[in-house]
Amino acid sequence: MDALTTPFLTGTATGAILLMAALGLTLTFGQMGVINMANGEFLMAGAYAAYATQQLIGNAGLALVVAIPVSFLVAGLLGLLLEVSIIRWMYQRPLDTLLVTVGVALVLQQLAKDVFGAQGDPVVLPSWLNGNIPVFGYNWPFRQLFTIVLALAALGGLSAVLKYSTFGRRIRATVQYRDLAETLGIPTRSVDRITFFLGSGLAGVGGVAIALISGTNPTLGTTYIIPAFLVVVAGGVGQLKGTVIAAWVVGVVTAFLTDWTSGSMAQVLTFALVVVFLQVRPQGLFTVRTRSLA
Amino acid sequence: MTTTTATATTTASSRPKAAQLLGTYGSLVAIALVALVLLVWAPNSLSPFRLGNLGKYCSWAMAAVGIGLAWGRGGMLVMGQGVFFGLGGYTMAMHMKLEAAGPGGIPDFMTLYGDGTMPGWWAPFRSAPFTLFAIIALPAAVSFLLGYAILKRRVKGAYFAILTQALAVAFATLLIATIKQTGGFNGLNTFSTVFGHNLYDPGVKKGLYLVSAALLIVFLVIVWQFNRSRYGELLIATRDAEERVRFLGYDPANVKLVAFVAAAIMASIGGAIFAPIAGIISPSNVDAAASVMMIAGVALGGRSALLGPALGAIAVGFGQSTLSERFPTGWTYFQGGLFIVVIMFLPAGLASLWPKVKSLLPGRMSPQAALVDGENGA
Amino acid sequence: MSKEPLFRRTFVGLAAIAAAALLATACGSSDATSDAASGGSSETTGAGAAKSTAGTCVEGDTVKLGFLNSTSGPMAISEQTVRDSLILAAEEINASGGIMGKKIKYIEEDGQSTPTVFAEKINKLLTQDKVSAVFGGWTSASRKAMLPVVEGAKGLLFYPVQYEGLEASKNIYYTGATTNQQIIPAMDFLKSKGVKTLFLAGSDYVFPRTANKIIKQYAKTLGIQIVGEEYVPLDKNDWTTQVAKIAAAKPDFVFNTINGSSNVGFIKAYYEAGLGPNKSPIISVSIAEEEAPAMGANVTGQYAAWNYFQSVESPNNSKFIKAFQSKYGTNRPTSDPMEAAYTSLYLYKNIVEKAKSFCVDAVNAASDGVSFDAPEGTVTLDGSNHHIAKTGLIGQINAKNQFDVVWKSNGPIKPDPFLKGYTWWDPTKE
Amino acid sequence: MTASLIGQDYIEIRGLTVDFDGFKAIDGVDLTLMQGRLHFLIGPNGAGKTTLVDALTGLVQGSGEARFRNKNLLGMRAHRIVQLGIGRTFQTATVFEQLTVLQNLDIAAGVHRKGSRLLFARRAVPERVAQTLETIGLQALANRPAGILAHGQKQWLEVGMLLVQDAQVMFLDETVAGMSADEREETGDLLERIVPDRTIVVIEHDMEFMRRYADFVTVMHAGKVLAEGTVAEIQADPQVHEVYLGTAAEVGADE
């Protein structure tokens, strides 16, 4: 039984992290056509923010609770800074944003190395997270459960913002009919900025979850960015449900493949499966229909 | 009717002919200059160490020339050229490993990590002709299959870029995971000879450099011909308005596939010459980071210019070697800053500065002036 | 209309240029104009690194050495510590008169955590800078990449990190442990603890693969059962799936050959799964004083196999720790690779002074039996394989993240990189 | 090769439906497009004119049937449809801006060229291209990048591309929109010159232009065919007036 539950639950937790990494990507890609390769570094920034919070507060449990909003803010502000300083000049050249943000990612990594050192820093699990519950023969770590709850909360928060707030309605309007939104007087520029802030902030929260797995590390973003993009590609752009399903499926499938083969082969096979999937659905799972020809 | 047509033809083509002739001359003269520097000046002036490094830069430049074709001219941001570079590099390295092992011998690392038996698919690489064939056929086959799968499904733009980068990640991971067959993280190294020539012989080293530089020149000439051919025009058309090309009766996927496969073969040949020059090929030469480095050179030099990608790649290679000697930690900042500054402010790379430089020269202020110049010259 | 002929003409011209260049340079090279290492045919030309073949191979009152460590990339943190102790050793030697009266002038290069860069840089150090010896390298990949270069240039490399063995180059000196000085003692220790079942967890990398191959063969002889073997890529930190397998297998011990930061994820997942020093304890071969506090979990009670611990009590070690901490800060721990690097420079000094020459052949001829009173104890070089005899130590991590030595091999173990003295070893078996 | 086909080519559309996630942009249209006449397709915005052309040229999926030379165009891939001799222009002129006018036309001529020829450079201006340059009056600009052309010139270039392509069926989507009166006249005259051995369908909002050049008119509304006939018949149709309610004068008189 635990041959199934272990990869399933572990994969779900991995999927939860992928989801937090991918939400920002799918928002910014869907709304602005911007490919933000530095999103992985926002994960890293969130992880370091969690570490720094823990250093300041000391009490691991309290620090974790504080770290979540702090990481959201730190990563979100970094994202905002990126938008204001660089991205906004690049909206006409979406493919080029990909390369510019590759450069930003490199700079942020080196910055983290210089500030925090190349060796990762530990983030201590609070005692109330350090344990497990038996589920069908698998001792499910509380931390994985916490990660899933965190991702669901992030998703719920984002959905609520998109659905009920003015910002959210504006974001949805801009994603679907940018020109129309503009003519209706929606300040699409500031909507873009807020989207960037939200998306980057969510990655920061994801960073907290990663810090709980393996501490901080200047290069931790690079390990998550490609899987996160595969999630976006497979899930389709502009709709949250596609991203959610894709993140969960990629997480679980990778975990099962890891179980059956090895960690390395699992990565290779997951990539192959995404390419095969794109043969069936080149637009991903779901997509917002627009009538533009290009 | 016929007379007017004839007039139309002459008026239509007289001016460009002069201008194009100039362009033709200019490009070939530029390639010849590069050839002079690489094939005559460098071997007689640089120390063997610097020359070996230049040989490596040339092998990256070969991949870069292909990227220029696929990305600059074809609009496909190929972020996983390391894969094809690696296919060529590993093919060559496997042959050299088997040469080093001697007839009937097996590569040393297989005893180290495995049970001392060689997987069957290594065997053909004992043959030099097969190795040379595989250096071209392997990347061609892989890029064709992958390109066909991706391009026919109209996956393009960012999706295409991300998938190719994911491919590079997957490829490097696969190499690391198959340590018993491919040497894993360490890669393949400790070669002794290449096609029977002692790799440590200074003459052989110089010869390898010359092969690398000469191949680069050949690739430049090939791309030059590509660019001026009808295919070159069609490729630009496809880059700029893919759907429009479809409504002229072409399948844009096929047009792009040709450039993608050509770029893959160029990268593979680059990798094949890299392995003997560097004496090693490992996953870190072919992974996503290595692939991004190849893009960096192309972006710096000018993605759609003829010489831009090659010279950019050589410059980035040189920068990596020398800047990292002086500012070890600064190198990453420099690399990151290069992407940001070049892509933001000079999207067409340093090559886009060339017309401005040229316009400072007297008599080349405008197309008209160029025309006059050309007519006088002709 | 004239384009086609023009094209052809130019191309023919180009080809001619290329051919001429090939000819010119091919001839040029045979005139031995090259100032690099002399050609590959002659075995007796001596130190390729140094121009002069007469006398001591180093003229003037300084000797150039190369320090080649990664100061950028993921390995930087580990390799920086090695460079720090190399610089310490160089300054100490210079303060006491240098090597054979010549002051050390060291040239630093960054390996960028990339094997090809290591190959390029050691080539530069040996052929451009003409250093007499190079010190550095950390990963096996970097050493494997440097090996053909240092052999081709007939130079010298001192490699300070424990490794997977099965190698002996006449141009490399290995001052870290080979497998029979670390892995095999660790297994002997486990046997002495009465271990019956063992789980192997490692990075997907040369060292863990080779180490585990040896462990598996030796375990058969010792009657220890291997109940699982898991590998995770170096850059992957999530070990939850694999640790679940450990928890299910309930081994007496876990043999940990994981590299670098991946350890953090492993240790965390391990404690979350309810494992600990009392339930499937870990013995590690790459967690040292530097790493233990950075695990994000209290690793007190876990074990590690090394040949040096900061806690080793000897006058030489106190001197080393004092010198190191007064130069770099009292919070800086000392570890096995740092000690091995420090030792390597002193060993080089002693060999050269015995040989009375910096020439590679002379150094090699004199190396056998050269010893140094290192912080870990007196080490002696084995000229037949360029390794040094070392004592195997097992430490248990205490609350201060220092290691209490709980087991010691019976005196220094003679290096045996190819395990020729072990009858159970069969390299052609899995 | 076209001589024997004069007057015989036609596209027969039966029950064409285009469904966007439940919204029927085209709803069961029957239409016959005959060779040799300028067939105008008019209707208010959103009537489905462009979608109809999209479906016939393989840009969007449609169901039903559209027969041309015994082949059903629906379900064929776009470039195959072009290879059958069916060409189109786009509402916003789409030309290759980085390429010269000459190169634009030369690429359009490529549909009749062998693939292997692509690897060589163009040595002279192909006759058909030269003729077309003259026909569309862009000889002087042949070697200028198409990006610098004025709006009307781009539209002509698109028509020219259809000419070198030797398209037997041409769909022109609002080609004269934004052109000056003189330019419209030239365009109309050009279309009249080339229409005898071709099937030409023009989507148009300019009613004056329609009245002057249309041989046959189809009025669409809400994805359906509302009325068909000559200009006079359409102008007399009360249903058409109703659709254009509020701007009823438009059909009869100029704006």
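Take strand β14 of chain C, residues 393-397. In this predicted model, 4 of its 5 residues are buried, so the strand is largely enclosed by the rest of the structure.

What does β14(C) pair with? One partner is strand β10 of chain C, residues 303-306, which runs antiparallel to β14(C) and is joined to it by 4 bridges. Within that pairing, C:Ala305 has C:Ile394 as its bridge partner. Another partner is strand β15 of chain C, residues 403-408, and here the pairing is again antiparallel, with 5 bridges. In β15(C), the residue opposite C:Gly395 is C:Val405. β14(C) and β15(C) make a hairpin, with 5 residues between the two strands. If you look at the turn, C:Asn401 has a positive phi of about 60°.

Now the chain as a whole. Chain C contains 11 helices and 15 strands. It has 430 residues, and 59% of them are buried. Of its contacts with a separation of 6 or more, 70% are between residues 24 or more positions apart.

Next, the nonpolar core. The largest one has 436 residues, and A:Met20 and B:Leu220 have the most contacts inside it. Which element gives the largest share? That is helix α11 of chain B, residues 252-278, with 20 residues. Back in chain C, domain 1 and domain 2 both give residues to this core, so the core lies between them. As a general point, nonpolar side chains in soluble globular proteins tend to be buried together.

To look at B:Leu220 itself: leaving out residues up to four places away in sequence, it touches B:Ile31, B:Val34, B:Val65, B:Leu306, B:Leu307 and B:Ala310.

Last, confidence. Chain A has an average pLDDT of 86, and 96% of its residues score at least 70. Where does chain A stay under 50? That is residues 289-294, for which the model has 3 contacts beyond four places in sequence. Where pLDDT is low, the predicted coordinates should not be read in detail.

That is what I have. Thanks.

Note on methods: Residues numbered from 1 in each chain as written. Chains lettered and ligands numbered in written order. Predicted model: local features only at pLDDT ≥ 70, side-chain atom pairs only at ≥ 80, totals over all residues. Buried ≥ 20, exposed ≤ 12 C-beta atoms within 10 Å, placed from the backbone. Contact = placed C-beta atoms within 7 Å. pLDDT = per-residue confidence, 0-100. Core = buried A, V, L, I, M, F, W, Y, C linked by C-beta atoms within 7 Å. Domains from an automatic or database assignment. Pairing = 2+ DSSP bridges.
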